[in-house]
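Visitor: Please show me the structure. I would like to go through its charged pairs.

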Amino acid sequence: MGTKGRAVPRVVCCAIPIARAAGKVLVVTSRKRPDNWVLPKGGWEPSDVQLEAAASREALEEAGVRGTITRFVITIPTPSATYHFYELDVAGLDQDWLERKERRREWVDYAEAVRRLEWKAELAQGLKLSSLAPVRTR
């Protein structure tokens, strides 16, 4: 896939919006592929200063999510982008948000979220490493 004309891979910040009490994840539809689901994510901008701020901004723009970044999950490098994943504990959802006419959003349980994200391996991998993932016994 390459870097799409960039000298270095794009820096992408991903929010994993979580309703902890319900054990749910908020997923949104992709603008480019409206039948596919993604986590809120997008490019880091210098005005964000910190990567966490970009993840929080993307969650608000793409899903109308307000909350607090509570945990860094992982950085996943790919040839075209470096993905930084953060858990975001959701405090509320705006009914009117920037991309509401371009995306759908839905609360789903962990297993369903993994299933919906499998088409984009790095998104599924980021979620599988979150604190929502079932604890594996040996």
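This is a predicted model: local features need pLDDT of at least 70, side-chain atom pairs count only at pLDDT 80 or more; totals for chains, interfaces and linings use all residues.

Visitor: How many salt bridges does a search of the whole structure find?
Guide: Side chains of opposite charge can pair when their charged atoms come close. A pair counts here when the side-chain nitrogen is within 4 Å of the carboxyl oxygen. Over the whole structure, the search finds 18 salt bridges.

Visitor: Which residue meets Glu102 in a salt bridge?
Guide: Glu102 sits in the loop between β6 (81-93) and β7 (105-109). Its partner lies in the loop between β2 (24-29) and β3 (37-38), 71 residues apart. The N to O distance is 2.9 Å, and the partner is Arg31.

Visitor: Is Asp96 buried or exposed?
Guide: Asp96 forms a salt bridge with Arg100, with the closest N and O atoms 2.7 Å apart. Arg100 is partly exposed at 34%. Exposed means over 50% relative accessible area. Asp96 has 52%, so Asp96 is exposed.

Visitor: Which parts of the chain hold Lys128 and Glu118?
Guide: These two side chains meet in a salt bridge at 3.1 Å, N to O. The pair ties together parts that are ten residues apart in sequence. Lys128 lies in helix α3 (residues 121-128), and Glu118 in the loop between α2 (110-117) and α3.

Visitor: Which residues do salt bridges that share partners join into one network?
Guide: Glu102 and Arg31 meet in a salt bridge. Both belong to the network.

Technical notes:
Residues are numbered from 1 along each chain as its sequence is written. Side-chain values use heavy atoms; hydrogens and water are left out. Helices (H or I, at least four residues) and strands (E, at least two) are DSSP runs, numbered from the N terminus. Buried means under 20% relative accessible area, exposed over 50%, partly exposed in between (1.4 Å probe, protein chains only).
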